[in-house]
Amino acid sequence: MSTNITKHNFTVSRQRREQVNGQKGTVLWFTGLSGSGKSTIANALDDQLNKLGRKTYLLDGDNIRMGLNKDLSFSPEDRKENIRRISEVAKLFVDSGTIVLTAFISPYIADRQAARELLGDDFNEVFVDTDIKECIKRDPKGLYKKALAGEIKGFTGIDAPYEIPANAEITIKGLSISESVEYLLKYIIWLYDKR
């Protein structure tokens with residue numbers, strides 16, 4: 001842990017950034033099995049929000065692991081660190097007044113809870129609830145095939161656990177991509193009205 005550091009207080013506050021942006025920062029944290037549709041739905045929502053003139057950023061599991069988190073494996077300890085880092089990055093984006101969409105399997109309740117505690121009221125869990133059989137059928141990256149053949153060890157849903165959210169703000173199940181986006185847009189409008 002770093003020592004001899006002091007938090008610097010900046011002149012420009014989150015409120016001022018949000019006022020300039022004309023929107024409030026928030027996080028929609030998409031979680032679900034590989035192949036559940038997290039990234040696809042988050043990407044479609046990002047596109048729609050952008051068309052509506054909203055400032056957004058999408059943090060996606062694979063893309064983050066190609067850069068910021070390329071030093072991490074898929075061990076439980078590294079998965080925890082992966083989510084910790086993403087939570088901190090999301091917090092920075094929220095402070096800038098950005099709507100942040102994160103698409104990560106984030107299989108452990110404790111790790112998602114840690115993200116919730118860090119982000120507070122800005123954390124909105126979106127559980128993309130797709131049955132494992134459907135995810136295996138889709139298998140967009142061919143990972144289930146490899147995991148079932150024993151070529152990948154510790155694969156979520158096969159030989160590593162996925163802990164289903166107990167209290168997600170939103171659960172998406174059995175909706176098309178467009179229906180999911182419409183549902184999420186209504187939620188974002190409600191969320192803003194609530195503030």
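This is a predicted model: local features need pLDDT of at least 70, side-chain atom pairs count only at pLDDT 80 or more; totals for chains, interfaces and linings use all residues.
Local features are given where pLDDT is at least 70 and side-chain atom pairs count only at pLDDT 80 or more, while totals for chains, interfaces and linings use all residues. Residues are numbered from 1 along each chain as its sequence is written, and side-chain values use heavy atoms, with hydrogens and water left out.

**View 1. The buried face of helix 5 (residues 109–119).** Asp 111, Arg 112, Ala 115, Arg 116 and Leu 119 are buried in this helix (buried: under 20% relative accessible area; exposed: over 50%; partly exposed: in between; 1.4 Å probe, protein chains only). Seen down the helix axis, these buried residues fall within an arc of 145°, so they line one face of helix 5 (the arc is that of the directions from the axis to the C-beta atoms). Their cover includes strand 1 (26–31), helix 4 and strand 4 (123–128), whereas the face turned away from the buried side carries the exposed residues Ala 110 and Glu 117. Just after helix 5, Gly 120 takes a positive phi of about 60°. Helices (H or I, at least four residues) and strands (E, at least two) are DSSP runs, numbered from the N terminus.

**View 2. Asn 69 in the loop between helix 3 (61–65) and helix 4 (76–95).** With a relative accessible area of 0%, Asn 69 is buried. Leaving aside neighbours within four places in sequence, Asn 69 is in contact (heavy atoms within 4.5 Å) with Ile 64, Asn 82, Arg 85 and Ile 86.

**View 3. Ile 136 in helix 6 (residues 132–138).** Ile 136 counts as partly exposed, because its relative accessibility is 30%.
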